[in-house]
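Subject: Structure handover

Hello,

Here is the structure we discussed passing on. My notes follow it.

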Amino acid sequence: MKTPAKPPAKAKLSRAFPTLALEVLLIESAGGPVCGVDEAGRGPWAGPVSAGAVILNPDDLPAGIDDSKALTHARREALEIEIKARALAWGVGFASVEEIETHNILHATGLAMCRAIEAMAIQPVAALVDGNYGFKLPCAVQTVIKGDSLSLSIAAASILAKTARDRLMVELDAEYPGYGFAGHKGYNAPVHSAALKERGPCPAHRRSWAPIRALLDQ
């Protein structure tokens, strides 16, 4: 009796990596420098929201730039150094917990993005922004859904936003110990939920967030 033939193995789908194609098109239409913009920290229960903005040098690109979520912590930190050293311009901005509570997370994200762009040594005439929301920024805006996996500039911005916010959450962990901010960076995690139930929220928490509000209402 013949052994049944094994079905052919399914070919692995290769993931497309970000390029400068969108930047080239926008530079041609805008007539000047184009930056990529992305945020980090819209979803956590604690800490600020951050944003990065980057104008890459097409003749001096760091190897391995990718969506920050696809990179290890060590790789993000290494690329952060290279991006800052080799980009034509870069900036990082934050919006505080108080601003998130006052303006809501969407508008606070826009504030962080504006601050990131304003911090750059070269001001862009247009920005490629991750997502589908047209934030009011100091330059023209083109939104790109899943932009951090399509645009090298947005991916670079995502790395700067993520590494800057991660460092700040480590500082908040030292300021408000016991919540585990250095590990989960303010996101939902069992250790975070347990600490909230035991200690209640600290000043770094977003008190309008449903889990925090539920604790305060008890």
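Is V97 buried or exposed? V97 is buried, because its relative accessible area is 9% (buried means under 20% relative accessible area and exposed over 50%, with partly exposed in between, using a 1.4 Å probe and protein chains only).

This is a predicted model, in which local features need pLDDT of at least 70 and side-chain atom pairs count only at pLDDT 80 or more, while totals for chains, interfaces and linings use all residues. Residues are numbered from 1 along each chain as its sequence is written, and side-chain values use heavy atoms, with hydrogens and water left out.

V97 lies in helix α3, residues 97-103 (helices are DSSP runs of H or I with at least four residues, strands are runs of E with at least two, and numbering starts at the N terminus). Beyond its neighbours within four places in sequence, V97 is in contact with G47, P48, P203, A204, H205 and R206 (contact means heavy atoms within 4.5 Å). From V97 to P203 the C-alpha distance is 8.4 Å, with a sequence separation of 106 residues.

The other item is strand β2, residues 49-55. Seven of its seven residues are buried, so β2 is largely enclosed by the rest of the structure. V49, A51, A53 and I55 point one way from β2, and S50, G52 and V54 point the other way.

β2 runs antiparallel to strand β1 (residues 34-40), joined by five bridges (two strands pair if DSSP finds at least two bridges between them). With strand β3 (residues 89-95), β2 pairs antiparallel over seven bridges. V54 is the bridge partner of G36 and stands opposite W90 in β3.

Regards
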